[in-house]
Amino acid sequence: MAPEIGRLSSLSNPLATVEQLSNSSSSLDGLSSPLESSIRFAALQLTQAAGILLRMPQEVIAQGMVLLTRFYLGPEGGSFRINSAKDVSAASLFIAAKMSADPQTPRSICNVYAYLMSAPTREAFPRPPAQDPESYYLSEGSYHSARVLLLQAETIVLRTLSFNTKVILPHHIALTYLQTLGVFPPTPSLQSHALAARTLRLLNLALFSPQIPYITHPPATLAVAAIYLAAREVGVKLPSNEWWEIFDVDREDLGFLVVAFQSCESWIKGEREKWHGRICPLSVDEVESELRA
C-alpha cells in the first residue's frame, strides 16, 4: 500500500503510518516477521545486483529499492505469498529507470534477472558463479513470457502505490549538510573525504535495514543521522551544541536512526550466515516450499 502522504515538498517522501508498520499483507498471510525480513532483504539484494549489472546509477537503484519496500508495506500492500519478490524487484527497478535519464528496455531487465535467478546459489550476488550459458539464455518465447510478467508486475506495483513513485534520497542532502557544517570544504582533506564516504555508505546500508528507515523517516533526518554516526566512526569533530536541531531533527529520531544504522551491518552478516547453503525464497512457489519445510 502507498504510504500516507502529508505535506509534500521537494525534500520529502510519503511516510508509513503506524497501521502500515503494525501489519503487513505478508504477515496476515501467515509469514513470520523474521522470514518476511529475510525475503525483503534478499529481494533488495537482487535489485541492487541487477542494477549493478545493468550499469545503472546508484541513485536509480536506490529509488527502485525504496519502491520495492513501499510495495510490501501495510495490510493493503503486496504479499510475498501472492506477489513474487523477484517480479516486484524487476518491476520496481524498471519503474525507477523509466523516471531516470537512462531507462532500461524490458529485454535488458528480463535478461539480467534470468541470469541472476539461474545461479545455483544466490549468495554470490551480484556475481553469480560461472555456469552454462544455456541455463540463463532466454529464447524468444521465454522472453515474451518474461516480458508479460514484467509489465503485469509493473501495473500491480503502480496501482498498489497509487502511482506515487516519488523517491527523494538523502545522499545529496547529506553532502549539502556536511558543507553547511564546515566539515566538507570545496577541496576536501583525507579526513573530510573519509567522512563523506562513510556517510554515503551508511545511507546505502540503511536501504537494507529491517527497520526500513527510508519508509519511516524523512530524507533530511536520515542524512543527519548518517553524518552524526559517520563523524563518530571517522573521528571528525562536529559542533559541540545540538547542531541537528538546525536541520529540524529531534534527539529521539536521531537516536533511533543511529541505533538502526549501527545494527545494520551485523544484521546483514547474520542474514548471510542464516541462509548460508540455502536459497532464500524469491518466488511464490519458493515461499510456499519454505513454509511447508
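I began with helix α11 (residues 219-234), whose 16 residues should span 22 Å at 1.5 Å a residue, and I found its end C-alpha atoms 22 Å apart, which agrees. Expected span here is 1.5 Å times one less than the number of residues, and the helices are DSSP runs (H or I, at least four residues; strands would be E, at least two) numbered from the N terminus. I note that this is a predicted model, in which local features need pLDDT of at least 70 and side-chain atom pairs count only at pLDDT 80 or more, while totals for chains, interfaces and linings use all residues. Residues are numbered from 1 along each chain as its sequence is written, and side-chain values use heavy atoms, with hydrogens and water left out.

**Entry on α11.** I then asked how many residues of α11 are buried, taking buried as under 20% relative accessible area, exposed as over 50% and partly exposed as in between (1.4 Å probe, protein chains only). The count is 12 of the 16, so α11 is largely enclosed by the rest of the structure. The buried positions are Pro219, Ala220, Thr221, Leu222, Ala223, Val224, Ala225, Ala226, Ile227, Leu229, Ala230 and Ala231. Their cover includes α8 (171-180), α9 (190-206), α10 (213-216) and α12 (251-274), with contact meaning heavy atoms within 4.5 Å. After α11 comes Gly235, and I read its phi as positive, near 90°.

**Entry on α9.** I turned to α9, one of the elements covering α11, and found that its 17 residues reach 24 Å from first C-alpha to last, close to the 24 Å expected at 1.5 Å a residue. Buried in α9 are Ser192, Leu195, Ala196, Arg198, Thr199, Leu202, Leu203, Leu205 and Ala206, and these residues pack against α8, α10, α11 and α12.

Ile212, in the loop between α9 and α10, has a positive phi of about 40° although it is not a glycine, and at 12% relative accessibility it counts as buried. Arg55 sits in the loop between α3 and α4 (58-71) with a positive phi near 55°, and with a relative accessible area of 77% Arg55 is exposed.

**Entry on α3 with α6.** At what angle do helix α3 (residues 33-53) and helix α6 (residues 106-117) pack? I noted about 125°, with the axes 10 Å apart, where axes are lines fitted to C-alpha atoms (for helices over the stretch in contact) and angles run from 0 to 180 degrees between N-to-C directions. The two helices are therefore oblique to each other; under 35 degrees would be roughly parallel, over 145 roughly antiparallel, 65 to 115 roughly perpendicular, and the rest is oblique. α3 passes α6 in a right-handed crossing, that is, with the near helix turned clockwise from the far one by less than a right angle, anticlockwise being left-handed. Leu46, Thr47, Ala49, Ala50 and Leu53 of α3 meet Val112, Tyr113, Tyr115, Leu116 and Met117 of α6. By class I recorded 9 nonpolar, 1 polar and no charged residues, counting Ala, Val, Leu, Ile, Met, Phe, Trp, Tyr, Cys and Pro as nonpolar, Asp, Glu, Lys and Arg as charged, and the others, Gly among them, as polar.

**Entry on α5.** The axes of α3 and helix α5 come within 9 Å and cross at roughly 45°, and this pair is therefore oblique as well. α3 passes α5 in a right-handed crossing, and the contact joins Ile39, Ala43, Leu46, Thr47, Ala50 and Gly51 of α3 to Ala85, Lys86, Ser89 and Leu93 of α5. I sorted the residues of this contact into 6 nonpolar, 3 polar and 1 charged.

For α5 (residues 85-98) with α6, the axes come within 11 Å and cross at roughly 145°, again in a right-handed crossing. Lys86, Ser89, Ala90, Leu93 and Phe94 of α5 make this contact with Pro106, Ile109, Tyr113 and Met117 of α6, and the classes are 7 nonpolar, 1 polar and 1 charged.

**Entry on Arg107.** Last, I looked up Arg107 in α6, which is partly exposed at a relative accessible area of 34%. Leaving aside residues up to four places away in sequence, Arg107 touches Glu140 and Tyr143. Arg107 and Val60 are 47 residues apart in sequence and, C-alpha to C-alpha, 18 Å apart in space.
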